[in-house]
Amino acid sequence: MRRLITLSHRNSDLPPYSVQFAGRRRRVLDLPLIAWLTLIWVLLWSTLSWANVITGAAVAVVVCLAFPLPQVDLGLRLHPWGIVRLAGYLLYDMYTSGVKVTRQIFADRPHRPAVIGVPLRCRSDLMLAATAVTVSNVPGGSVVEVRRATATLFLHVLDADRPEQLEAARSSVWRLEELTVRAFGTQDEIARVSGPPPDFATGGGEEGT
C-alpha cells in the first residue's frame with residue numbers, strides 16, 4: 001500500500017526534517033523552512049500570540065505547497081535552546097528599548113540621531129537577512145541598508161549624543177547577531193560569532209546625522 005505521507009527518516013532522499021505527500025505531483029514540506037517562515041510572520045506582526053503563530057504556520061504551508069522550491073540546503077538549522085534564548089532576549093530588549101524610547105520622546109532636551117555602520121561576523125545571506133530582521137524589531141533603531149558585499153548593517157539610532165551610546169548600539173547588534181546565529185545557524189557560523197566583534201576601525205562603519 002502506498003504511503004500518503006512519508007517522513008524524512010524513512011526516505012534518505014528527502015531533506016532532513018521534512019514531509020512528503022503522495023500524489024501526481026511530488027510535494028515536500030521542509031519543516032525548518034516552515035518554522036522559519038512562521039517566525040518571520042510573527043516578527044512582522046511584532047506580537048507573539050497563538051493566533052499569529054497558527055496563521056503564520058498556515059500561510060507558510062500554503063506558500064510552500066503552491067510554490068515548491070528545488071531541493072537545496074538553505075543552511076538553516078534549528079537549535080531549541082538557542083531559539084529560547086533569542087526569544088527571551090528579544091522580549092526583554094523590546095520592553096527595555098520601548099521604555100527608553102518613551103523617555104526620549106518626553107525628555108526636555110533634544111537628542112541627536114545618527115546612522116551607523118555595523119560590520120557583522122557572519123557573511124551568509126540567510127544569517128545576514130535574519131539578523132537584519134531581528135534588529136529591525138527592536139525599538140530605538142531601524143535598519144536602513146544591508147550591504148551584502150561587506151556584510152554590514154547600516155542602522156538609524158535615535159540617541160547618538162555620546163560615543164559610548166554608539167558603541168552600545170553596535171554591541172546590541174552584535175549580541176543579536178550572535179543569538180540569531182546560535183538559534184538558526186550552522187556550526188561554522190556559530191564558530192564565527194563566538195569570536196570577538198569585527199574591528200570597527202577596519203570594518204567599514206560609517207556615521208552621520
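In which handedness of crossing does helix 4 pass helix 5? The views below take up this question and then turn to a pocket.

**View 1. Helix 4 passes helix 5 in a right-handed crossing.** The near helix is turned clockwise from the far one by less than a right angle in a right-handed crossing, and anticlockwise in a left-handed one. This is a predicted model, in which local features need pLDDT of at least 70 and side-chain atom pairs pLDDT 80 or more, while totals for chains, interfaces and linings use all residues. Residues are numbered from 1 along each chain as its sequence is written, and side-chain values use heavy atoms, leaving out hydrogens and water.

**View 2. Helix 4 (residues 125-136) packs with helix 5 (residues 163-184) at about 125 degrees, their axes 9 Å apart.** Helices are DSSP runs of H or I with at least four residues, numbered from the N terminus. Contact, meaning heavy atoms within 4.5 Å, involves Met 127, Ala 130, Thr 131, Thr 134 and Val 135 of helix 4 and, on helix 5, Val 173, Leu 176, Glu 177, Thr 180, Val 181 and Phe 184.

**View 3. The largest pocket has a volume of about 480 Å³.** A pocket here is an open set of points on a 1 Å grid where a 1.4 Å probe fits, with protein on both sides within 12 Å along at least five of seven lines; lining residues have an atom within 4 Å of a point. Closest to its centre, of 22 lining residues, are Leu 39, Val 42, Leu 43, Leu 48 and Ala 87. Helix 1 gives the most to the lining, with seven residues.

How values were computed. Axes are lines fitted to C-alpha atoms, for helices over the stretch in contact, and angles run from 0 to 180 degrees between N-to-C directions. Helices (H or I, at least four residues) and strands (E, at least two) are DSSP runs, numbered from the N terminus. Grid points are joined across faces, edges and corners, and a volume is the space filled by probe spheres set on the points.
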